[in-house]
Amino acid sequence: MNFLIINGPNLNLLGKREPNIYGDSSFESYFEKLKENFPNTKLSYYQSNIEGEIINKLHEVGFDYDGIILNAAAYTHTSIAIADAVKAIKTPVVEVHISNTHGREEFRHKSFIAKNAKGVILGFGLDSYKLAIQSFL
Ligand code: DQA
């Protein structure tokens with residue numbers, strides 16, 4: 001099975017960015033360990049800080065892959081365009097967040113993407129990604 005993780009803006013700074021919220025591991029080093037957990041699965045990873053690039057990537061893989069794990073970061077709370085792209089594609093999308101967005105500022109409680117996602121996993125640190133892959137398997 002073929003899965004893609006898409007990370008949105010500022011998630012390239014994981015490990016350096018607000019470690020009290022997001023932890024002290026870079027996504028790249030977590031991703032290496034994650035792949036070891038799913039040896040029979042093809043897992044790839046894409047990150048962009050640019051809304052349109054995230055949409056292009058959803059279009060590119062969204063009719064062929066078995067699942068997409070999407071952390072759209074702050075775009076979750078603002079982007080109707082990403083929500084529409086998730087709705088437009090065939091591949092199911094699981095929305096993930098590292099932090100428990102419901103325990104944070106009110107503007108983080110709203111997700112435009114959630115209603116078009118297969119499900120939402122949040123608040124389990126980087127293991128939110130692992131749980132999302134398990135949900136597909
Ligand atoms: C986040 C939560 C968002 O509110 C925030 O803008 C992020 C990261 C998370 O994974 O917890 O950048 O998506």
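Author: Start with arginine 108 and glutamate 105, whose side chains form a salt bridge at 2.7 Å, N to O. A salt bridge here is a side-chain nitrogen of Lys or Arg within 4 Å of a carboxyl oxygen of Asp or Glu. This is a predicted model, in which local features need pLDDT of at least 70, side-chain atom pairs count only at pLDDT 80 or more, and totals for chains, interfaces and linings use all residues. Residues are numbered from 1 along each chain as its sequence is written, and side-chain values use heavy atoms, with hydrogens and water left out.

Reader: Is arginine 108 buried or exposed?

Author: Arginine 108 is buried, with a relative accessible area of 17%. Buried means under 20% relative accessible area, exposed over 50%, and partly exposed in between, using a 1.4 Å probe and protein chains only.

Reader: And what does glutamate 105 count as?

Author: Glutamate 105 counts as partly exposed, at 36% relative accessibility. The side chain of glutamate 105 also meets that of arginine 104 in a salt bridge, 3.9 Å from N to O. Through shared partners, salt bridges join Arg104, Glu105 and Arg108 into one network.

Reader: How many salt bridges in the whole structure?

Author: The search finds 5. One of them is between glutamate 18 and arginine 17, at 3.8 Å, N to O. Arginine 17 is buried at 18% relative accessible area, whereas glutamate 18 is partly exposed at 38%.

Reader: Which residues point which way from S3?

Author: Gly67, Ile69 and Asn71 point one way, Ile68 and Leu70 the other, and all are buried.

Reader: What does S3 pair with?

Author: Two strands pair if DSSP finds at least two bridges between them. Asparagine 7 has asparagine 71 of S3 as its bridge partner. S3 also pairs with strand S4, residues 93-97, in the parallel sense over 3 bridges. There, isoleucine 68 stands opposite valine 93 of S4.

Reader: Where does the chain cross from S3 to S4?

Author: The chain goes through helix H4, residues 80-88, in a right-handed β-α-β crossover. Right-handed means that, with the strands pointing away from the viewer, the path from the first strand over the helix to the second runs clockwise.

Key: Helix = DSSP H or I, 4+ residues; strand = E, 2+ residues; numbered from the N terminus.
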